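This report looks at the overall build of a protein chain and at its charged side chains. The sequence and structure come first.

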Amino acid sequence: MNLQETLELHVKAAVKALFESELESVEFQATRREFAGDITVVVFPMLRVIKGNPAVIGEQVGQYLLDNVDLVKGFNVVKGFLNIEISDAYYINFFQQIKDDESYGFSEVKDDKAVMVEYSSPNTNKPLHLGHVRNVLLGYSVAEILKASGKKVYKTQIINDRGIHICKSMLAYQKFGNNEEPTAELKGDKLVGNYYVKFDQAYKAEISELMAQGQSEEEAKKNAPMLLEAQEMLIKWEAGDEDVVALWKKMNQWVYDGFDVTYKNIGVDFDTYYYESDTYLLGKEFVSEGLRTGVFFKKEDGSVWCDLTEDGLDEKIVLRSDGTAVYMTQDIGTAIQRIKDYPDVGGMVYTVGNEQDYHFKVLFLILKKLGFDWAKNLFHLSYGMVDLPSGKMKSREGTVVDADDLIQEMADTAEEISKDLGKLEDYSEEEKQELYKTIGLGALKYYILKVDPKKRILFDPKESIDFQGNTGPFIQYTYARIQSILRKADSAGSDIPSSEEVALHDKEKELIKQLELFPEVIQNAADQHSPALIANYTYDLVKEFNSFYQNVSILGADTEIEKSFRVALSRTVSHTIKNAFQVLGIEVPERM
RNA sequence: GGUGGCAUAGCUCAGCUGGAUAGAGCACCUGCCUUCUAAGCAGGCGGUCCUAGGUUCGAAUCCUAGUGCCAUCACCA
C-alpha cells in the first residue's frame, strides 16, 4: 500500500470520527513548493458531504491525523488545502525497500494474454525517412513499456511488398539501371529509392511533352507511357511473369537488407514479420465468409462492400469488382493470420500515422462484425506527422530527411561537442565512436519521444536538435555522473540509516518522493500508450538529482552513514534512469 | 460540405481523473568550476492558456458555438 492509499484510509476515518460522514474518495496532490508539507489533501470536495468552512475542516482533519497517524509529523492549512508533513522514517523505510531492486518499476508478467505491437510497416520502394523513425521509435517504446507493465509482447510489422509503387522503381531500374548493384556506399534501399525518384522524373517529363502536344494535364497523367508500362508490369507480376517476379525478388531483397542496417542502427528489433503478398489471400477468404454471413454485400458490378452507415460511417469497399484485393482486404487477412499464428495474442496495437484514423476505425469495426472476440482489444496508436518547415516530406521529390543520414549527423554533433569538452582522452577511438552514437541517438530518440504521440512534430533540419536542457544527452550525462561517483565510492553504501533519528535533507526527500512515482508512471504510460510520460518523468527525476548533486556533497558527507545513504540513493536514481531509458530504447553511457 | 485531431511564453513542449499565484527547456540577462564530470547548478526576464458564452465553491482542463491549421471522407496504400 502506498502513501496515498494509506492516508486515504486515515482521512476517511478522521471524517467518520469527526463528522460522522462517509467519504467516497479523497483528493490528493503534491504539495506546492512554497508551502510546508509533502502531500496535500484538497478539502473542497468534502464539502459535498460535510457542511462547514473548508479551512476549519482542514484544521480538524489535520489535527486528527497528527494525533492518530504515526507517519504524519505535522500539518498546515492554507485556504481549503490541508498540507501534510510526512515523517522522514516513512521515506527512509520506503527507500530501504526499493534500493536494491535493479528492475525497479517493472512488473512481472501478470497477464496470460499477449499483445502484438505492429510498427514500421514500410513500402519496399524507398529508404526509411524521419517519418518512419518516429513510427519505429514510438512502436518499439510502447512495446517495451507494455512489457515493463507486465504484458507479454510480440513486435511485428507488415511489409507492403507489392503494388504499383514497387513496379515504378522496377521499371525505372530496367530502363536506366545498367544492372547497377548495391555497394558499401549505396545501400540497397537507397538504390531502389533512387529509381523511384528517376521514375517520377521521367514520368513528369512525359507529361510535359504530352501537354505540349495538346493533351490536358489529366489526360497526360493517364496516358504517359511510363505509367502505362508500370501498370502493365503490375499485371505481369500478378500473373506470375518469371522475369518480373525475379526482378521484384531481387530488388525487394536489396531493400530488406538496407532496412536491416537502418533498424540495427536505430536499435530496434522485431519478433515476426508479415508480408502483404502472403496475407491478402486470407483476407479474400474472409470476405467470402462475410458475404455468406451477411456482414458484407455485393453490388451489381461485383464489388463487395461493408455497410457501416448504421455506425455513423460510410460504405466501405472490401473487394474490387475485378475480384482483386484492396488495402482493407489485406489488413483483415493479416489480423486473422496473426491470431492464428499466435493464439495467446488477446489484442493488437497498430502504430500508424493519424492520416489513417478512419481506415482503422473501419477495420476494427469490420473485424468485430466478423465476430472475432479479440477485435475489441485492437488499438490504433495514431501519431502526428513529422513535417518540415517546407511542408510534407515527399520521397518522390527528394524532400525527405533520410533516417541513416540523420543518425549519422546526430553522432557527428555528439562528437564535436565531446571533443570540445575533452573528457575522454583515455578512450580508444572505437570506444569514442560508440559513445558518440549512443549520445547522438539518445538526443534524437528523446527529442521525438518526449512529445505527445498524437501531436505533429515540426522538424527543422537547419536547427539541430539540442544537447542541453530537456534532452536525452542531459539525462545520459546525469547517469554518467552517478556512475563516476559509484566508481569512486569504493565500498558500496549498503549501510544506510534505518532509524527515525536521521534527518533527511530536503533534496534527499524530494528525490525519494520522485522515485516513488516511477512504477505508477510506467503503468500510466502503458495505459495511455505514451512514451512521452516516461520521458517527462525521467527529466523531472534527473533535474531533481542534479540539484541534489550540486547542493549536497555525496562523497564528502559529514558522517559515514550519510555518505553511504547518499551513494545508495544515487545508485537507485541511476537504476531508475536506466530502466526508464530502457523502455524508451535509449542507452545510457558509463562516462561522457 | 460531413467527420476526426490540434491550438499554452519569441521558439520547442509539460500541465494526471476540474483545485492554490499556469510550469520546464531553448533564446536573452546575472552569478557559480584549486572541492564528487559546468552536456551542470542558482537566479532574472518573458503568458489575453485561439475567441465568445455556459456548468462549478473553483476551468488551460468539462459543455456549446465560432476562428485557424492538419488529416480524412477513393474500385490508392
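## Overall build

The model is predicted. Chain A contains 18 helices and 14 strands. Along the principal axes, its C-alpha atoms occupy a box of roughly 90 × 65 × 45 Å.

Chain A has 592 residues, and 53% of them count as buried. Among contacts in chain A with a separation of 6 or more, 73% come from residues 24 or more positions apart. Chain A has an accessible surface of about 28200 Å², and carbon and sulfur atoms account for 47% of that area.

Chain A carries 67 positive and 97 negative side chains. The centres of these two sets are 2 Å apart.

A patch of negative charge on the surface is made up of D405, E409, D412, E416 and D420. One of these residues, D420, sits in helix α13, which covers residues 403-421. D420 counts as exposed because its relative accessibility is 70%, above the 50% cut-off.

Side chains of opposite charge can pair when their charged atoms come close. The count of salt bridges comes to 32.

In helix α13, K419 and E415 are 4 residues apart, so about one helical turn separates them. Their side chains form a salt bridge with an N to O distance of 2.8 Å. K419 is exposed at 54% relative accessibility, whereas E415 is buried at 16%.

K99 and D100 also form a salt bridge, with their closest N and O atoms 3.1 Å apart. Here D100 is exposed, with a relative accessible area of 58%, while K99 is buried at 9% relative accessibility.

## A distant pair and a network

A further salt bridge joins R591 to D426, with 3.1 Å between the closest N and O atoms. This pair links distant parts of the chain, the two residues being 165 residues apart. R591 belongs to the segment after α18 (560-584), and D426 to the loop between α13 and α14 (429-449). R591 is partly exposed, with a relative accessible area of 24%; D426 is exposed, at 58%.

Salt bridges also link R33, D38, K509, E510, K513 and E544 in a network.

Note on methods
Residues numbered from 1 in each chain as written. Chains lettered and ligands numbered in written order. Predicted model: local features only at pLDDT ≥ 70, side-chain atom pairs only at ≥ 80, totals over all residues. Heavy atoms only, no water. Buried < 20%, exposed > 50% of the residue type's maximum accessible area, 1.4 Å probe, protein only. Contact = heavy atoms within 4.5 Å. Areas by Shrake-Rupley, 256 points an atom, 1.4 Å probe, with all protein chains shown as cover. Lys, Arg positive; Asp, Glu negative; His and termini not counted. Charge placed at Lys NZ, Arg CZ, Asp CG, Glu CD. Patch = residues over 30% accessible without salt bridge, like charges linked within 9 Å, V, L, I, M, F, W, Y side chains within 5 Å. Salt bridge = Lys/Arg side-chain N within 4 Å of Asp/Glu carboxyl O.
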